[in-house]
Amino acid sequence: MADMRPLAVITEATGLGMVLIRADLARAGDAIAEAAGLPVPDVTRFTADAGRWLGWMAPDELLLVLPGADLTATLAALTDALATEHALVQDVSDMRCVFDLAGRKPAQVLAKLCPVDPNALPADGLRRTRAAQVACALWRREGSGGHGNAAGEVWRIVAFRSVRDYLAGILATAAAPGTDLDPR
Amino acid sequence: MLTLTCPYCHVAAEETELAPGGEAHLTRHGPGSTDEAFEAYLFGRRNPKGVHFERWRHLYGCGRWFLAARDTMTLQVFGTYPAQSKYPPRHIVDAIRAARPGWAPDWDETSGDSAPGVGNDPAPNPTPTRDSFV
Amino acid sequence: MTGKQPFRLPTGGRLIDRSKPIGFRFDGRQMQGLAGDTLASALLAGGQMLMGRSFKYHRPRGPLASGVEEPNALVGLGQGGRFEPNQRATTTPLIQGVVATSQNAWPGLTRDVGAINDALWRFLPAGFYYKTFIHPRAAWMRLFEPVIRRAAGLGRAPELPDPDRYEQAYGFADVVVVGGGIAGLNAARAAAQAGGRVIVLEQTGHWGGRTPVDHPDGQAAIDRVVQALRTMSNVTLRRNTMATGLYDHGYLLAREALADHDPNAGLPRQRLWRIRAGRIITATGALERPLAFAGNDVPGVMLAGAVRDYLVDHAVAPGRRIAVVTNNDDAYRTALAALDAGLEVPAILDARPAADGTLPQAARARGIRVETGTGIARVLGRMRVNGLQFCAQQGEGQPLGVIDCDVIAMSGGWSPVVHLWSHCGGKLRWDPATALFAPDPDRPPTGADGEGNVTAVGAAAGDLRVADLTGAVAEDSILPVWIVPANATRKARFKMWLDYQNDVKVSDVELAGREGYRSVEHAKRYTTLGMATDQGKVSNINGLAVLSDTLDQPIAATGTTTFRPPYAPLTLGTIAAEARGPLFQPLRRTPMHRWHEAQGAQWEPVGLWRRPYCYPRGAENRGDAVNREILAVRGGVGTLDASTLGKILVKGPDAGRFLDMIYTNMMSTLPVGKCRYGLICSENGFLVDDGVVARLSDDSWLCHTTTGGAERIHAHMEDWLQCEWWDWQVHTANITEQYAQIAIAGPRARAVLDRLGGMDLTAGTLPFMGWADGLLAGIPVRVYRISFSGELSFELACPAGQGLALWEAIHQAGADFGITPYGTEAMHVMRAEKGFIMIGDETDGTVIPQDLGLNWAISRKKPDYIGKRAQERSFMTSPDRWKLVGLDSIDGRVLPDGAYAVADGTNATGQRNTQGRITSTYHSPTLGRPIAMGLVHRGPDRMGEVLEFAVPGDSFTARIVDPVFYDREGTRANG
Ligand SMILES: [Zn+2]
């Protein structure tokens, strides 16, 4: 008998601070790392520690996610650290919606919505793509990836704020009980 | 549906993650240009059957524009390279030549503003499809 | 044989479960089958051979095949929202209580009025529609079309929404094997052993394809390899999944049936897989071809392989006396299987001069009469086969004798299933020895790297013998036979069906050839051969062979028609998947959306955004609400949710220089703390967006765009930065959704904000077109002193998460002023009263700013901006352009939107000449009369002239006036 629990337990993450950083990452990397409190990640990777997360978004763009309480100080530190650079530091904390996917098979939920192979993403991999009709970014919060090794994974997916209801809807639909992708 | 690898983030993105931008290596003609040059810039396109250089944007990804060398007939992809390239780089040219022995670049890297394939055009064909408002 | 299932054999049936009877209804009749049956096998078990009527002649039809290629046994399945037409009974799993109805027959299958067409066949030849209905035109409209429409179409469309769910999923594999027969399974094992991820797709619910039916130890061989594959962790085996199309760069679509067998389980009914495959192996087998003899469509004439399937798979006897007609050895298996099932085989008619291979010898040894060099002259029976006349194959059909039979099992050979191979450019070669089109391994479809990415194996590659199966019996060669008998009379050719579903006969294809249709693609469309829902799976090769004979050219020269996806029809729900109902589109909602909803807002879609159009109160209609909102703003204060306006941050040492290129006016000179209205054009010179730009600091500007423009303009900026001026130091960021934005407009606007406390918003501190940061009601805001309504107005931007709180605080503070939320329509009317243009109303992609009297917003000093060169073109500088004016309705009626002003004379096509059109038109509650704007030929030079605007059945007149109808001096906004 099929497991009739949803494929994923979906929870919305709120209260996060987010900072958009655009700069020459090679030149300003050290300054950013110090102010952000995390090493600058490699291309399409992220670094994370103690509630902070720094992701590579584009060749000259990073996204810092941190507890909302740390936002103001870190924003100031980054602005200060990059004052002499051609750089852009912008509070984007209110711009996005964030969902975490835990439970039985969260990667299968993503495999229904995104034209990517979630299992092929490295443990510190960040993938910007689309979920059905909206732009998104996704990464693992827990678990190391690899095929057939999805147990205990927690995924995070981020999209724009205005499509929060849509994203919540497609995630819940894709996670519907009994819709496991495993061959039957 | 095509898959192209973004030369910036090295993601192999499928076509739905990309936005097309028309012919690459065009040269912009602004105020002061002749009517003929401006017309060729704005409207003249090669639309070849075969080797083609074109603009794509990794829209649902890193957001970078990049260029692709592709065969419009077989859809073979010879390679992708940064948008900030006046001409297709050497490794792209080599890849095309390896696959299409009869093909030769038809631009002159020393002339300054000509672009691939426009040798016989009334005027060099310029930058991007600048009318992206469709 | 039981009473309810008189044609069920007492033993056998590898797919059925005799302990599980299943009841169902067919055309209202209660019937019974077994678990494991298809609808077709259950109907046959119940003695129901007649399953449908053909499209054109309404000929009675029984099943021809046992699988996806079935052209005849199409039924309507289910009821209500679950009704689905044109379902193949041969691939429909039998489920408890299913209701099936026959199609194309009225009033019923056995007595069908439309069958009158059958008596008129002489008058309905190929191309009949083209020839007959071209002239006279009136007859087509009144006479032919209504009649044909009523009679045409297979099945009927469902009338209710589909209640089932569908979903999609993305798959990735190094190798995808399509087809779970012996060839596919062996290929999958080899691929898996080489490493990499392998997916095997099988369209049916069973592994093995034909092997378990056709070979004595076939099932064991299949079980062994399936067992081996199940132990390999890099292999995914997926049944009930049909690969429907192969597209560029190894993109494969496949439809997985999940809950067809159990519609009430609450599961998605089907799942569409979008698989990216490194390499594809097509192991799709082969489909049997009919033979073309007179009466080959009478119910009871079936493909030999299908007869065998029903016997072996379902223990169903399609009949009790099974005659076989063939041009190859394979059909002898059917004769032997029929004997094994205890049925009679009165004769095998073999077109070949001799048949001495292993299988024919086995048949003779068991006492079956084998007549070589013969074929069928005529089928006896109309609603059902009850015999046949046989004749010499080389002849005109002189009867040699009559054979009693109720089923004719025919085989014209087998055609590899080459659809997937062909979808993406793989080429075929005709093999005269085996009489089939097979994939040409030297000309495969190619992938992104230019290398072949599809390999065909087994029968799909033309290897019909399954050479790698132990115990496979050697077979003698096929004799290519396309018409039986070879020199059949003209009359007989009128009764030889090629395309069963569309009623295309040998005579039709020959007629097309004679009339000059040399291209197979043209002949297809002229005759409709292969154009029905089966897409010619059983008819294509026979059809093009007949065409080749008519044209007296080899089959290879004729070639095939194009194979297009999908291989079998996909239901629309599968393609839409989750994109239906509330998830049809990603609707975008502002931070205040729920407040608007609670206030009963009516919505206006703007791109994907939903904006309040107006907020009707009580019994108000929309017009009343809009008028009330406008008067409330003009006379007091109102609020607009402006959060959807695009906000793009542009920063860097070269940002000013960059914006001077993006905008037509000068942005680099804008002082910090100030705002400026700006225009953005395309390189073609046309106005594409507008908005207010604020200079935030020495090196940063915030650019507002229209609601629909944020993504577009941001992309436009990035395009130019990345691809043209890549050495300029500029960063852009689309921060539209970081902020909620609220316009508060009206003479009381400042008074309301003062009550919130925290900022000095007096004109001296914050003058018109200035901005300031601060706190209002404890919320961090940026206040822009800008106005689109013409009133004293502020736009407040705050973090989106606090937008609702700020909105509510404003409404609380303004309650005793009667503060009124207003929607987009009130905004539109108010801006029109002020003569402000609206992108999308006054612009349509052919309008330049100069047409709109916006020269004041175009810098003459700048040497360049995007669109400048284009605006210098002679047509753009012509004095004859249509330009913006106001329009005053003469008779006080609101002018019709979009109406054209007529001019004297007519154009080349006889239409009235035009000299302008209306771009915006409203009733102005402020002025108590209609107002309008339009683009008129030399309009600003023609003030006071009266124009006539023609609409069907009516005419309006309007005087050309200044487009600013209200507060021309602008004193109100400066308050
Ligand atoms: Zn990229």
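Guide: Start where chain C meets chain A. This is a predicted model. Across that interface the rule finds five salt bridges.

Visitor: What makes A:K112 and C:E167 a salt bridge?

Guide: Their side chains come to 2.9 Å, N to O. The cut-off is 4 Å between a Lys or Arg side-chain nitrogen and an Asp or Glu carboxyl oxygen. The pair A:K112 and C:E167 is within that cut-off, so the name applies.

Visitor: What kinds of residue make up the side of chain C that touches chain A?

Guide: They divide into 23 nonpolar, eleven polar and 14 charged.

Visitor: How many residues are in contact between these two chains?

Guide: 48 residues of chain C are in contact with 44 of chain A. The area buried between the two chains is about 3,600 Å². Carbon and sulfur atoms give 53% of that area. In chain C, the residues that lose the most area to chain A are C:Y170, C:H731 and C:E737. Together they account for 20% of what that side buries.

Visitor: Why is helix α24 of chain C called mostly covered?

Guide: A residue is buried when its relative accessible area is under 20%. Ten of the ten residues in α24(C), 824-833, are buried, so the description holds. Among them are the charged residues C:E825, C:R831 and C:E833.

Visitor: What covers the buried residues of α24(C)?

Guide: The cover includes strands β29 (602-606), β30 (609-614), β31 (638-641), β44 (912-924) and β45 (929-937) of chain C. Helix α19 (622-635) of chain C is also part of the cover. After α24(C) comes C:G835, with a positive phi near 75 degrees.

Visitor: And chain B: which elements does it have, and in what order?

Guide: Chain B has two helices and six strands. From the N terminus on, they run β-β-β-α-β-β-β-α. Of the 134 residues of chain B, 57% count as buried. The accessible surface of chain B is about 5,600 Å², and carbon and sulfur atoms hold 52% of it.

Visitor: What share of the chain B contacts between residues at least 6 apart in sequence join residues at least 24 apart?

Guide: That share is 55%.

Terms used: Residues are numbered from 1 along each chain as its sequence is written. Chains are lettered from A and ligands numbered from 1 in the order in which they are written. This is a predicted model: local features need pLDDT of at least 70, side-chain atom pairs count only at pLDDT 80 or more; totals for chains, interfaces and linings use all residues. Side-chain values use heavy atoms; hydrogens and water are left out. Contact means heavy atoms within 4.5 Å. Buried area is the accessible area (1.4 Å probe) that two parts lose on being put together, summed over both. Helices (H or I, at least four residues) and strands (E, at least two) are DSSP runs, numbered from the N terminus. Buried means under 20% relative accessible area, exposed over 50%, partly exposed in between (1.4 Å probe, protein chains only). Accessible areas come from the Shrake-Rupley method with a 1.4 Å probe; for residues, only the protein chains shown count as cover.
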